[in-house]
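Take a look at the model below.

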Amino acid sequence: MSEGAAGLRKRSVMIAGHRTSVSLEDAFWEALQRLAGARGLSVQALIGRIDAGRSGQNLSSAIRVYVLREIGAAPQGPSREGA
């Protein structure tokens, strides 16, 4: 693992039989770990699923979009609007 500009962390993962590296901010790695755990998957397995569903998009970007969509789709607590 290495840390670069803007708090990016690079991790090596095995996808479809080949090793690749993915750079994400800590917040995305943490969210990805929570999402994988909630689905009974390893982070690597979840990344493999994301990889299989992306169409030409950069893998790191595809992971970020996936995390944002999944977090946005998660049920939230009561709204603070009108409070």
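Is Asp51 buried or exposed? The model is predicted, and in it Asp51 has a relative accessible area of 18%. The cut-off for buried is under 20%, so Asp51 counts as buried.

Asp51 sits in helix H2. Its side chain makes a polar contact with the side chain of Arg54, at 2.7 Å. Beyond the neighbours within four places in sequence, Asp51 is in contact with Ile15 and Leu59.

## Overall layout

The protein has 3 helices and 3 strands. Read from the N terminus, the order is β-β-β-α-α-α. Of the 83 residues, 24% are buried.

The accessible surface is about 5500 Å². Carbon and sulfur atoms hold 50% of that surface. Among contacts with a separation of 6 or more, 34% join residues 24 or more positions apart.

## Helix H2

## Helix H1

H1 has 13 residues. From first C-alpha to last, H1 reaches 18 Å, close to the 18 Å expected at 1.5 Å a residue. Its buried residues are Phe28, Trp29, Ala31, Leu32, Leu35 and Ala36. These cover an arc of only 165° around the axis, so they fall on the same side of H1.

Ala27, Arg34, Gly37 and Ala38 are exposed on the face turned away from that buried side. Cover for the buried residues of H1 includes E2, E3, H2 and H3. After H1 comes Gly40, with a positive phi near 70°.

## Helix H3

H3 spans residues 59–73, which is 15 residues. The helix reaches 21 Å between its first and last C-alpha, close to the 21 Å expected at 1.5 Å a residue. Asn58 caps the N-terminal end of H3. A side-chain oxygen of Asn58 lies 2.8 Å from the backbone nitrogen of Ser60.

Leu59, Ser60, Ala62, Ile63 and Val67 are buried in H3. Their arc around the axis is only 160°, which puts them on the same side of H3. On the other side, Leu68, Arg69, Gly72 and Ala73 are exposed. The buried residues of H3 pack against strand E2 (8–15), strand E3 (18–25), helix H1 (26–38) and helix H2 (43–53).

## The nonpolar core

The largest nonpolar core has 18 residues. Which residues have the most contacts inside it? They are Val22, Leu24, Leu32, Leu46, Ile47, Ile63 and Val67. E2, E3, H1, H2 and H3 each supply at least two residues of this core. H1 gives the most, with 6 residues.

Ile63 shows how the elements meet. Leaving aside its neighbours within four places in sequence, Ile63 is in contact with Val22, Leu24, Leu32, Ile47 and Ile50.

Conventions. Residues numbered from 1 in each chain as written. Predicted model: local features only at pLDDT ≥ 70, side-chain atom pairs only at ≥ 80, totals over all residues. Heavy atoms only, no water. Helix = DSSP H or I, 4+ residues; strand = E, 2+ residues; numbered from the N terminus. Buried < 20%, exposed > 50% of the residue type's maximum accessible area, 1.4 Å probe, protein only. Contact = heavy atoms within 4.5 Å. Areas by Shrake-Rupley, 256 points an atom, 1.4 Å probe, with all protein chains shown as cover. Expected span 1.5 Å × (residues − 1). Arc of directions from axis to C-beta. Polar contact = N/O pair within 3.5 Å; in protein donor to acceptor, adjacent residues only side chain to side chain. Core = buried A, V, L, I, M, F, W, Y, C linked by side-chain atoms within 4.5 Å.
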